[in-house]
Amino acid sequence: MSPWLKQHEGSIVGLASLAWFAVLTPWGRFADPDAFYHAHVARLMLDWGPLHSFPWLDLTSLGRSFADHHYLFHLILGPAIAALDAFRVANAELWGTQLMAPFLATLAAVCLWTVLRALGVTRAWIWTALALLIPDLSFRLLLAKASPLAVGAFVVVLGAMALRRPMTAFLAGALFALSHGGWVIAIAAAAAMLAGDVIARRFIESDPWIIALRDAPWRAFRALLTGIAFGVLLHPNRLEIIQFLWVQVFKAGLAPSAGIIQGREWLPANLGALFTELAPLVIAGLLGALGLIVSNAVVGSAPDTRQEPAPSETEGMPDNRTFDRMRLSIALALPVALTLALTLKSRRFIEYLVPALVLWLASLWQFVDARRLNNELIGMRNDLSPLGRRIIVPFLSIVGLALMIHHAILPWSSLRQEGAKPFDAYRNTFSAVTERARPGDRVFHSDWDEFPLLFAADDRLRYISGLDPTFLHEASSTLSDQVRDLTVGLATSTAWDVIAERTQSRFVFVTTKRHPDFDAALRADARFRELARNETTAAYEVSR
């Protein structure tokens, strides 16, 4: 790399990442309905300040104990929305949220590059590019949610633990606690690195247990815990945040009820699909393993025969720098194992697995002698038949290019999938409800993931369930089961009892293609008067 490119590598990585995310962004629509919720909460905070209650979902546990666990993210969206308001842009809160998405995703990419450089990784830009080539990572960074802030903070936490920088760990912990509820994962990953450091000192460097424990990065770990505690204390919902996260993280994520139909992101990852997803990093890992074998870097380089002095007892043994690198690699391996286990439990955690895996593989590559690896690859090519020698390089180049194109197209198409919602989704049908509704009226809707769009369309009304079905189940498992059975068509005869009597709803909104039996039951009951309908949605008024 030329000196100029090396000097400006960070700027180039930032601009290239921003261009990559700008191209992938599905302008004018959101791939995740939660983005409508985040946009509208940011609007409400811009107008009224932090939210301390959530009356729109008063039947759920959010109605009793609400905490904005994406508080900092909503604060960041505010200026973008205000700027578009100044120019009287229609749907300013939605456009402002979407405009911020590629910038925040770029921030996460730059955080990864910065930590790689701080760890002394050569060609950090290659590892950053490999990370962004993983479809699910780029996909999740562009959902217009708080994921980029969480991923960036998570990477910085790993870097702070590796480099033993308490102040960096403190700041990363505080920002993580203010911006995303996933800070529990940061604590677990940091604890794993702490354990990895102790294991490496005890079994690789042969330190006694007492010394291995004493020399572990305790200051950085304590600083992380202090930073998270500080962030929680700064949070406007500090009294409710722990209880809220118990439901959000543990009951919704790690131990959901069998009676809840969760979103797809909580489903377990298929091992074969995950292997394909991580193919660029798997290939980098296999090449690195070959490089470790041929370079013999783990146990030290072979003695240089050109040196005149006789070899000493320590010649060929690892030096202190090699021990430091080995300790780092072992410490980073444990967060990879942790995030892999979480990803196999719920696919959404791949956003943490990918950066952890990149940092670990990059640390292993520091042992690879690139010259010896290149010579080995040339030797392997020369062992082929004449025809094989001629076609192997073009063949591998085509395969590599095809893999890159495939992994670049996947997030682009996923962000534009059939379920992606344009900014005006549901508005035409739901306008029939908003024209008739009075403040405080309740709308019974056919699925919990419809709430963000309806909430963004009309925040004068109350709804049934939203953000996660666990919140309704936590407040009333009986009502949760009744709503589920009615909307999926298992007990359509209960429509009046559940809608009019139990929830006191005045209107009903249905996504008809997903809930045809529910829609048919409403159409067959004269007590539900149809107000509007299109190809995918219908609205009803409850006649009393």
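User: Let's start with the strands. How many bridges join β4 to β6, and do they run parallel or antiparallel?

Analyst: Keep in mind that this is a predicted model. In general, strands of a sheet pair through backbone hydrogen bonds, either parallel or antiparallel. Here β4 and β6 are antiparallel, joined by 5 bridges. One place to look is Val508, whose bridge partner in β6 is Tyr540.

User: What pairs with β5, and in which sense?

Analyst: β5 pairs with β6 (residues 537-542) in the antiparallel sense, over 5 bridges. Follow the chain and you'll see that β5 and β6 make a hairpin with 3 residues between them.

User: What is the strand order of the whole sheet?

Analyst: The order is β3-β4-β6-β5, an open sheet of 4 strands with mixed pairing. Its edge strands, each pairing on one side only, are β3 (443-445) and β5 (528-533). Neighbouring strands are turned by 25° against each other on average, direction ignored. α26 lies across β3, β4, β5 and β6, and runs at about 140° to β4.

User: How many residues of β6 are buried?

Analyst: 6 of its 6. Both faces are covered, with Thr537, Ala539 and Glu541 on one side and Ala538, Tyr540 and Val542 on the other.

User: Now a single side chain. Where does His515 lie, for instance?

Analyst: His515 is in the loop between β4 (507-511) and α26 (516-523).

User: Is His515 buried or exposed?

Analyst: His515 counts as buried because its relative accessible area is 6%, and the cut-off for buried is under 20%. Its side chain makes a polar contact with the side chain of Asp447 at 3.2 Å and reaches the backbone oxygen of Ser446 at 3.3 Å. Beyond its neighbours within four places in sequence, His515 is also in contact with residues including Glu450, Thr487 and Val510.

User: Last one, pockets. What is the volume of the second largest pocket, and which element gives the most to its lining?

Analyst: The general idea is that rolling a probe the size of a water molecule over the atoms shows where empty space is left. Here, the second largest pocket has a volume of about 1,600 Å³. Of the 43 residues lining it, the closest to its centre are Ile126, Leu130, Ile283, Ala284 and Leu287. α20 gives the most to this lining, with 8 residues. Among the other elements that give two or more residues are α7 (124-132) and α16 (279-295).

Note on methods: Residues are numbered from 1 along each chain as its sequence is written. This is a predicted model: local features need pLDDT of at least 70, side-chain atom pairs count only at pLDDT 80 or more; totals for chains, interfaces and linings use all residues. Side-chain values use heavy atoms; hydrogens and water are left out. Buried means under 20% relative accessible area, exposed over 50%, partly exposed in between (1.4 Å probe, protein chains only). A polar contact is a pair of N or O atoms within 3.5 Å; within protein, one must be able to donate a hydrogen and the other to accept it, and residues adjacent in sequence count only if both atoms are side-chain atoms. Contact means heavy atoms within 4.5 Å. Two strands pair if DSSP finds at least two bridges between them. Axes are lines fitted to C-alpha atoms, for helices over the stretch in contact, and angles run from 0 to 180 degrees between N-to-C directions. On a 1 Å grid over the protein atoms alone, a cavity is a set of points where a 1.4 Å probe fits but cannot get out, and a pocket is an open set with protein on both sides within 12 Å along at least five of seven lines; lining residues have an atom within 4 Å of a point. Grid points are joined across faces, edges and corners, and a volume is the space filled by probe spheres set on the points.
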